[in-house]
Every structure is written in structure tokens, then in C-alpha cells.
Amino acid sequence: MGNGVPPRREIMNREAAMMKKSHKIRFLSLVLALVLSFSLCIPALAADGFSDVPESHWAYSDIMACAEQGIVTGYEDGTFRPEDEVSTVQFLAMMTRTFYADELSQVTTPAGQPWYYANVKAAEDVGMSKNLAAVDESPMSRYDMAMALYNTTLNFYKFITSAQGDAARSQIKDWTTIAASYKTYTSAVTNCYALGILTGMSDGTFSGDSNMNRAQACAVIVRMMNLINGSAPARPEQPTQPEQPQQPEQPEETGTGKLANGKDATTENVLEILAQIQEEYPTGTVWDEKGTDGNYYAAGNNSTDVKAVTNKFKTSNNKITSTQYACGGWAAMVSDRIFGQTGAPAREVTDPSKVRAGDILISLNGKGQLTHVSIASENAHNLSGSYVFTTCDGNSSGGYVYWNTNSYSTIGTITSNIVVKAFTRYPE
């Protein structure tokens with residue numbers, strides 16, 4: 001972002017869009033196949049529960065809820081072994097099968113790949129595995145657990161206020177250690193505490209270096225379900241055919257004007273350029289706020305057409321955003337790669353159905369102050385009356401490039417003190 005840490009996504013009309021999200025929680029009848037994912041023996045939840053999980057166990061209700069849903073299961077000897085460690089791929093399998101059934105169902109596992117291939121691929125596609133230290137069969141640290149949960153909260157548009165963040169950090173006895181040595185995880189831990197997904201250890205610490213266990217995995221998944229649904233869902237139902245997404249409305253193309261590469265200014269040609277940029281700067285590429293540890297837009301000061309847009313708005317400290325560094329520099333670089341540095345002045349788009357790939361998106365807070373700049377990475381989609389689109393972002397969630405953030409947005413609607421304004425550089 002131009003100043004401070006920006007929202008990771010451009011968000012408008014969140015509540016309406018979330019009701020229609022393509023990856024709303026669904027539970028597959030085949031979820032019992034997760035038994036294999038967990039490398040467990042053939043289980044069945046005993047009528048009286050598990051022999052090693054008495055009702056007095058701290059995670060009894062969470063373990064039972066997950067077992068009844070088929071998310072986890074026990075061993076042939078009737079035990080659950082709540083203290084056994086969980087690997088990263090096992091946790092991603094649990095999370096994708098619970099929260100991303102639609103995305104998971106669309107992944108085809110090539111011959112010879114491990115059992116968790118589809119789960120890991122789906123987790124990568126939705127951004128759940130972003131910033132994890134490792135994605136393999138080794139035990140998962142509580143830090144990485146927090147990161148996977150945090151990435152999921154972002155996908156479901158669960159955000160916190162600064163006051164909630166302050167309150168959460170005050171609860172964590174080892175926060176000083178986290179802030180000093182584990183900076184990558186600070187936002188993840190803070191948000192998950194503030195949202196009630198994490199509560200820490202009995203001594204009041206987070207203990208992020210410790211490995212997570214099966215009981216903890218059940219607890220955080222149930223809390224996540226409660227956060228999203230308001231309560232744990234009912235037993236799994238027969239899967240229904242996923243709704244066929246409506247085709248995006250295609251704005252009229254005049255075919256007039258040229259892009260920076262000399263081709264006609266059409267969305268098809270813009271998408272081609274975006275694909276080239278994504279290949280050069282894939283998700284996870286370092287693009288930080290100062291340019292000292294990663295990439296920045298060296299020619300940003302010459303991006304007159306982009307600056308004409310961003311300079312319309314001031315940040316919370318009454319400054320204009322940079323078009324060299326952070327999100328402003330990313331947006332300037334991408335826009336200029338598409339339309340050139342000059343000669344394609346931007347105009348505001350007030351009709352959300354007309355947002356197109358390559359348009360500049362400005363996020364403002366409730367005071368009209370600029371908080372983030374991004375680029376639409378596809379045309380707007382009509383989703384049951386709400387127009388939604390995805391973005392590509394720089395300096396997102398700690399100084400990285402992030403593509404296709406599944407931003408569900410409606411231009412001009414204020415939700416959670418955020419408003420998005422769109423500007424296009426396509427010829428009229």
C-alpha cells in the first residue's frame with residue numbers, strides 16, 4: 001500500500017456476496033475418504049465416543065463434532081489419540097475438504113502423485129497455503145496453523161478493527177517474542193486470536209514453535225465453522241451439483257486505441273498482458289513497501305496517468321501514495337505495462353458492470369482516505385445482482401504480490417468502512 005498495511009482485498013457489499021460465494025462451505029458425502037489422508041486405520045465413531053477422549057477432555061465436543069462430520073476419525077482400537085501431531089498436508093486436507101469443497105472437486109490428481117496432491121493444489125489456488133514455512137508431511141507448527149487459518153479468514157472476509165487487534169495482542173503472553181522474531185506471523189496470530197479461532201495454551205502463551213496436534217486441529221476447525229456459519233453445520237448431506245457460474249458480462253469493445261504492446265485495447269489483449277506479468281511476478285514475489293527487500297517500479301515517477309488517479313486521494317497521514325513502491329507502485333507498473341505511461345488518461349467507472357481487467361481500483365476508508373491500490377485481473381461478473389471481480393495486488397499481506405484474490409466487490413457500496421472506486425484507461 002502507499003502507507004501502512006493495506007487490506008489484502010478490495011471488498012464491497014461483503015455480506016450479499018458471501019451469501020453467494022462459490023466456495024461456501026459444503027460437506028461431501030465422500031469426506032470419509034479423509035481417513036486415507038490422515039493415514040489412519042479404518043474407523044467408525046463408536047457409539048460412546050473414543051476411549052481416550054473422555055467428556056472431561058478440553059476438546060471433547062470439538063473432536064466429537066469433527067468425527068460426526070467425517071472430518072477426522074479414530075483408530076481400530078477405539079482411540080482417537082488427540083495428542084498425536086498433525087502434518088501440514090493433513091491439516092490442509094481437513095481445511096480444503098471442509099471449507100473449499102467446490103475448488104477441491106475441480107482438481108484432477110495426475111497419476112503417481114501423493115494422496116494429498118488435490119488438497120495442496122486447492123489450498124494453493126485459494127491462497128490458504130500462502131506464506132507457510134513448508135507444505136509437506138512434516139509436523140505443522142502452530143505458527144503455520146495460524147497462517148493457514150488467517151488466509152482462510154481473508155477468503156471469507158472476516159476482518160478485525162485495530163482495537164480488536166490491540167486487545168488480542170494483550171492476551172498473548174509471548175507476544176514480544178512473536179513480534180521480535182516471527183514477524184511474518186504477527187497478523188495471522190493477531191487476527192485469529194481476535195476472531196476467537198485461537199485461544200492459546202493453558203499458560204497464556206501462543207507457543208508458535210510447538211507442533212499442533214489432532215485435538216487442536218479439531219478445535220480450530222470447529223471455531224472456524226462457528227465464525228463463518230454462526231454455528232457448527234449439521235451432518236454431511238449428499239453433495240449437490242455445484243451451481244454453474246454465470247458468464248461474465250462482456251463490456252462492449254470498441255477495438256479503437258492501442259495498448260503499450262501495439263495491440264488493440266480490448267480485454268482479450270489486456271488479459272494476455274496480465275498473464276505475462278503474472279508469469280514474471282507470480283503470487284509470493286516480494287514487493288515490499290520500501291523496495292529495499294524486493295521489487296519496485298523504478299519508472300514510477302513517470303507514470304503520469306496513474307498518478308493523476310492516485311493523487312486524487314490522500315492517505316490517513318495526509319500524503320499521496322507512491323507510484324514506485326508498495327501497492328501504488330505495483331498498480332502503476334501493471335497499468336503502464338498495459339496502457340503505457342502516458343497517453344491513456346483514466347476516467348472513473350461508476351457502473352460496476354463496466355469494470356474490466358486492467359482497471360485501477362482505489363480502496364478508501366470511511367473518511368475517504370486511500371488505503372490500498374490494486375488492478376482488476378478480470379472483468380466484472382454478475383453474481384445474483386452484485387458485480388464482483390478479482391484483483392492483483394502488490395505489498396499484499398506483508399510485502400508480496402498476490403494474484404486473483406477473489407475479491408467480491410460492488411463499486412460505490414460502503415461495507416466495513418471500505419469503498420472501492422474504479423478507474424479505467426481503456427479508450428472511450
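**View 1. Asp336 and Arg425 are both buried.** Buried here means under 20% relative accessible area, exposed means over 50%, and partly exposed lies in between (1.4 Å probe, protein chains only). This is a predicted model, in which local features need pLDDT of at least 70 and side-chain atom pairs count only at pLDDT 80 or more, while totals for chains, interfaces and linings use all residues. Residues are numbered from 1 along each chain as its sequence is written, and side-chain values use heavy atoms, with hydrogens and water left out. The side chains of Asp336 and Arg425 come together in a salt bridge, 3.1 Å from N to O. This pair joins distant parts of the chain, since Asp336 sits in helix 14 (residues 326-339) and Arg425 in the segment after strand 8 (419-424), 89 residues apart. A salt bridge is counted when a side-chain nitrogen of Lys or Arg lies within 4 Å of a carboxyl oxygen of Asp or Glu. Helices (H or I, at least four residues) and strands (E, at least two) are DSSP runs, numbered from the N terminus. Take a look at Asp305 too: together with Asp336 and Arg425, Asp305 belongs to a network of salt bridges.

**View 2. Lys121 and Asp125 are joined by a salt bridge, with their closest N and O atoms 2.9 Å apart.** The two residues are 4 apart in helix 6 (residues 117-125), so about one helical turn separates them. Lys121 is partly exposed at 29% relative accessible area, and Asp125 is partly exposed at 43%. A further salt bridge links Glu272 to Lys263, with 2.7 Å between the closest N and O atoms. Both partners are partly exposed here: Glu272 has a relative accessible area of 33%, and Lys263 has 34%. In total, the model has 9 salt bridges.

**View 3. Helix 4 (residues 88-99) is largely enclosed by the rest of the structure, because 12 of its 12 residues are buried.** The expected span is 1.5 Å times one less than the number of residues in the helix. Helix 7 (residues 142-155) is also mostly covered, with 14 of its 14 residues buried. From first C-alpha to last, helix 7 reaches 20 Å, close to the 20 Å expected. After helix 7 comes Tyr157, whose phi is positive, near 60°.

**View 4. The largest nonpolar core has 57 residues, and Phe91, Phe99, Leu149, Val189, Leu198, Phe206 and Ile221 touch the most other members.** Several helices each supply at least two residues of this core, including helix 3 (60-69), helix 9 (175-181) and helix 10 (186-194). The largest share, 9 residues, comes from helix 11. A nonpolar core is a set of buried Ala, Val, Leu, Ile, Met, Phe, Trp, Tyr and Cys residues joined through side-chain atoms within 4.5 Å. In soluble globular proteins, nonpolar side chains tend to be buried together. Leaving aside neighbours within four places in sequence, Leu149 is in contact (heavy atoms within 4.5 Å) with Phe91, Met95, Cys192, Ile197, Leu198, Val220 and Met224. A second, separate core of 34 residues includes Ala265, Met333, Ile338 and Tyr426.

**View 5. The whole structure contains 15 aromatic pairs.** Phe50 and Phe80 make a tilted pair, with 5.2 Å from centre to centre and 35° between the planes. Phe50 lies in the loop between helix 2 (34-37) and helix 3, and Phe80 in the loop between helix 3 and helix 4, so the pair ties together parts 30 residues apart in sequence. Phe50 is buried at 6% relative accessibility, and Phe80 is buried at 0%. Tyr281 and Trp330 form an edge-to-face pair, because their ring centres are 5.8 Å apart and their planes meet at 85°. Tyr281 is in the loop between helix 12 (267-280) and helix 13 (304-310), while Trp330 is in helix 14, 49 residues apart. Rings of Phe, Tyr and Trp (its six-membered ring) pair if their centres lie within 6.5 Å; planes under 30 degrees apart count as stacked, over 60 as edge-to-face and the rest as tilted. Elsewhere, ring pairs link Tyr143, Tyr182, Tyr185, Tyr193 and Phe206 into a cluster.

**View 6. The structure has 0 disulfides.** A disulfide is a pair of cysteine sulfur atoms within 2.5 Å. The closest cysteine sulfur to that of Cys66 belongs to Cys218, and at 4.1 Å it is too far for a bond. Cys66 is buried at 0% relative accessibility.
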